[in-house]
Amino acid sequence: MKRRDIVRALAALPLVAPSARLQARSEQAGTSTPINLPISVAGQLPDPAYVGRVVAAGPPASVLVYCLAPHTLLGWPFQLAPAARSMMDAAGFSLPYLGRLAGRGSTLSLESLLALKPDMVLDIGDVNPYYESAAKSVQEQTGVPYVLLDGRLNDSPAQLRQAGQILGQAERGQQLALRAQAILDSAHQAASSRAKGLKAYLARGNDGLETGMGQSIHTEVLRLCGLTVMGDEKTDNRLGRISYEQLLAWDPDILFAQDDVFFELARTQAPWNQLKAVREGRLYRVPALPFGWLDGPPGINRLAGVIWLNALLEGSAAVPRMYSELQAFYSAFYSMSLDSEQIKRLVQGLDPLGSTQNS
């Protein structure tokens, strides 16, 4: 079957819940890795060879499209920091902010979507009746084909392969999928041999009191690298607020800050500096250029965070290898050639081209 016939067959699939879809799996490095993820297609997809204008419905999808086919991306669904834009080539630097189309917080109107004249909308998220219905509604009102891919961090290789085929970048999708699988396999192997028990907390916002709850997608990197994640015992699987008293009761061994303001607060002021993680020198500012390494957004950009955190947990002997692996990641995924000094600046939370990064 030819590639265009495969894509047209996908487009003809009915919208069904992921439990009704067949998923093939392969055993790699002791993990069950999806080969094909659930996919929902509303409307008739264009021939991959002629896909030239793509709207990413949300931040994770925009990173995926930027890595695979930056020339097709029409804009960003979230605001990029100036330092992030300065790192990109012309294809990404000049793209406008469009707003997001996915979810309850949609800021891109259907009128604006039509004005962009896209060949398709690409989204990443849970393939379930709620999101499938939303995708179908957008497609029926605009006539623009809407593709929804499933998957979390462990599913990055499959996401890259499937999106690569849809965007006419099958070869690049396969190349990046192999690199992603190697990063994940290495982390799984290291986590399986690492002593368990280290408690970790991901602090979001300028007060550090927002975090992922209940196996949240936002804390996947910590979990994948074998850490015990504070908040996983909660029932909700979304972002949530906690009290300082709750954080003090957890008293994590490692604390990751996503915001410069909170990082300085926790490092220097009571009561934050009374936490075990801070007292013992395990407070880390999460690198975030051009995209977040642990979150922000929760997309394939987090593969850089897997490399970083895995090396962090191994110790100083792993640092030279980490620099080399990060150089390879930035070159392959973002087409950015960074020398070892620039990579070092990224790890330190600095703009490799000069200034301090913004949150």
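A: Helices (H or I, at least four residues) and strands (E, at least two) are DSSP runs, numbered from the N terminus. This is a predicted model: local features need pLDDT of at least 70, side-chain atom pairs count only at pLDDT 80 or more, and totals for chains, interfaces and linings use all residues. Residues are numbered from 1 along each chain as its sequence is written, and side-chain values use heavy atoms, with hydrogens and water left out.

Q: Where is His218 placed?
A: His218 sits in the loop between strand S8 (210–212) and helix H9 (220–224).

Q: Is His218 buried or exposed?
A: Buried means under 20% relative accessible area, exposed over 50%, and partly exposed in between (1.4 Å probe, protein chains only). With a relative accessible area of 16%, His218 is buried.

Q: Which residues does His218 touch?
A: Contact means heavy atoms within 4.5 Å. Not counting residues up to four places away in sequence, His218 touches Leu202, Arg204, Leu239, Leu294, Asp295 and Pro298.

Q: How are two packed helices described?
A: By the angle between their axes and the distance between the axes. Axes are lines fitted to C-alpha atoms, for helices over the stretch in contact, and angles run from 0 to 180 degrees between N-to-C directions. Here helix H7 (residues 156–166) and helix H8 (residues 170–193) pack at about 175 degrees, their axes 8 Å apart. That makes H7 roughly antiparallel to H8; angles under 35 degrees count as roughly parallel, over 145 as roughly antiparallel, 65 to 115 as roughly perpendicular and the rest as oblique.

Q: At what angle do the axes of H13 and H14 cross?
A: The axes of helix H13 (residues 303–314) and helix H14 (residues 319–334) cross at roughly 180 degrees and come within 10 Å. H13 and H14 are therefore roughly antiparallel to each other. Residues in this contact include Trp308 of H13 and Phe329 of H14.

Q: What is the strand order in the open sheet of four strands?
A: Two strands pair if DSSP finds at least two bridges between them. The order is S3-S6-S5-S4, with mixed pairing. Strands S3 (39–42) and S4 (54–56) stand at the edges, each with a single partner strand, so one side of each is left without a neighbour in the sheet.

Q: How many bridges join S4 to S5?
A: Three bridges join S4 to strand S5 (residues 120–124), and the two run parallel. Val54 has Met120 in S5 as its bridge partner.

Q: Which helix lies across S3 and S6?
A: Helix H6 (residues 129–142) does, running at about 165 degrees to S6.
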